[in-house]
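Thanks for asking me to look this over. Here are my notes, as numbered points that you can check against the model on your screen.

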Amino acid sequence: MTTFRRFIVRSIIVLISAAFIASCTKDDEDYIPDYLVSSEEIVSLSVSQVSGMLSGSGALPTEIAFLIRYGVKGIRIVYETVDVSGEPILASGALLVPQNSNPMALISFQHGTITNESSAPSNFDSEANMLASIFSSTGYIIAMPDYIGYGESKDIAHPYEHRASLATATRDMIRAAYEYFKVKKLNQPSNKLFLTGYSEGGFATMATLKLLQEQHAKEFNVSAATLGAGAYNKTAFMEWVVNSIDELEYINSFVWVLDVYNSIYPALRRPYEFYFNQPWATAIESGGVFIEMESNPSLLFKNTFADGIRNGTDTQFLSAIADNNCYSWLPKMPMQLYHGTDDTYIPYFNSESAYNAMVELGATNVELIPIEGGTHATSIMDYAAGTYAFFLKYLN
């Protein structure tokens, strides 16, 4: 067949197809998602299996076992979002669906800091998945974004504690979760949407809530939100780090944040020796942010860098830090902030300054819940149990 004839045949096929599609009613057409790319069922948990998770999780009191009512299906979904530069990218996440056909509320649950791929929610092998499965079995659909840098996008470095990309990855995961039910022609989730997260997940949740309210208010109506131990006030946090004269147990995580911002913001992209004394500048450059390093900030950071933070002269770095603040805004949805008062990983002042800023702006539906004597690890149970009770108030 000649090239011209092939062209004619293809044109006829296209015209016939177009005419057929045009003759179909809207009800005959399959739903075409904008964000969801694929879905695959990975696990199926019985009620007894979920009950076993409760006894081994340590995150929720075993007395709530009677609330576990449904088996849970775990689905890995791949969806479209954008990277730190706003370019299209594929990401992934876990969707937990109770084995019940009734419309149920959707919880977007943002996980905390992880440093390995196996802990990504879509791999269904983490403590966060256990907690989410327990919540789901009580009657919630749970959407858990992996974030950029894990799962489908694991070949990209995770932009740790980067406000904008955490928010967009979470937003588009929620969109893809809703689309899953339309593609599968299942009963749609109810009109109740909740958001929650702890640690980096708390920060991701705060960033997402702000994004949804300010840019997508007509698309999303958040019923309530809880946030646990997030680093919402990045400016105060950085000042706290560089002014510390004692060893900091979690110095690697703090350096990780600095390294991410230094790579993302074009005004920075400075050599490591700008920030760190030797031999640490060379060691971090060659070995990464998780090497064993000096844990005393006064010895790790160069005085010239620290002084630029203290006296406000390093405007480019301070601007990058401030771009990731998400504590001073006026939320419209009911919100609870949980934080251990003895948290040395993400200090309590992050939640306290967020609460104070919101109240000063006129917030009347935000509650700060200090967990007296709680550390970053020991406060999780109070946060989880409080979240369940709080969401129950707004479920109907």
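1. Let's begin with Lys185, which sits in the loop between H4 and strand S6 (193-198). Helices (H or I, at least four residues) and strands (E, at least two) are DSSP runs, numbered from the N terminus. Please keep in mind that this is a predicted model, in which local features need pLDDT of at least 70 and side-chain atom pairs count only at pLDDT 80 or more, while totals for chains, interfaces and linings use all residues. Residues are numbered from 1 along each chain as its sequence is written, and side-chain values use heavy atoms, with hydrogens and water left out.

2. The backbone of Lys185 is worth a look: phi is near 55°, a positive value in a residue other than glycine. Most residues other than glycine have a negative phi, and most peptide bonds are trans. Lys185 counts as exposed because its relative accessibility is 63%. The cut-offs are under 20% relative accessible area for buried, over 50% for exposed, and partly exposed in between (1.4 Å probe, protein chains only).

3. Arg269 is another residue other than glycine with a positive phi, near 50°. Arg269 belongs to the loop between helix H7 (251-264) and H8. With a relative accessible area of 53%, Arg269 is exposed.

4. For omega, please check the peptide bond from Gln278 to Pro279, which is cis, with a value near 10°. Pro279 is found in the loop between helix H8 (272-275) and helix H9 (280-287).

5. Now for helix H4 itself (residues 163-183): its 21 residues should span 30 Å at 1.5 Å a residue, and its end C-alpha atoms are 30 Å apart, which agrees. The expected span is 1.5 Å times one less than the number of residues in the helix. Because 16 of the 21 residues of H4 are buried, this helix is largely enclosed by the rest of the structure.

6. H5 has 16 residues and reaches 22 Å from its first C-alpha to its last, close to the 22 Å expected at 1.5 Å a residue. H5 is also largely enclosed by the rest of the structure, since 13 of its 16 residues are buried.

7. How do H4 and H5 pack, and at what angle? The angle between H4 and helix H5 (residues 200-215) is about 75°, with the axes 8 Å apart. Axes here are lines fitted to C-alpha atoms, for helices over the stretch in contact, and angles run from 0 to 180 degrees between N-to-C directions. H4 and H5 are therefore roughly perpendicular to each other. Angles under 35 degrees count as roughly parallel, over 145 as roughly antiparallel, 65 to 115 as roughly perpendicular and the rest as oblique.

8. Which residues join these two helices? On the H4 side they are Arg163, Leu166, Ala167, Thr168, Thr170 and Arg171, which meet Glu200, Phe203, Ala204, Ala207, Thr208, Leu211 and Leu212 in H5. Contact means heavy atoms within 4.5 Å. The residues of this contact of H4 with H5 divide into seven nonpolar, three polar and three charged. In this scheme, Ala, Val, Leu, Ile, Met, Phe, Trp, Tyr, Cys and Pro are nonpolar, Asp, Glu, Lys and Arg are charged, and the others, Gly among them, are polar.

9. Helix H6 (residues 234-243) and helix H12 (residues 315-322) have axes that come within 8 Å and cross at roughly 130°. That makes H6 oblique to H12. Lys234, Thr235 and Met238 of H6 make the contact with Phe317, Ile321 and Ala322 of H12. By class, the contact of H6 with H12 has four nonpolar, one polar and one charged residues.

10. Gln99, in the loop between strand S3 (88-98) and strand S4 (105-110), counts as partly exposed at 39% relative accessibility. Not counting residues up to four places away in sequence, Gln99 touches Ser44, Leu45, Tyr70, Gly71, Val72 and Lys73. Gly288 lies in the loop between H9 and helix H10 (297-300), and is partly exposed, with a relative accessible area of 26%.
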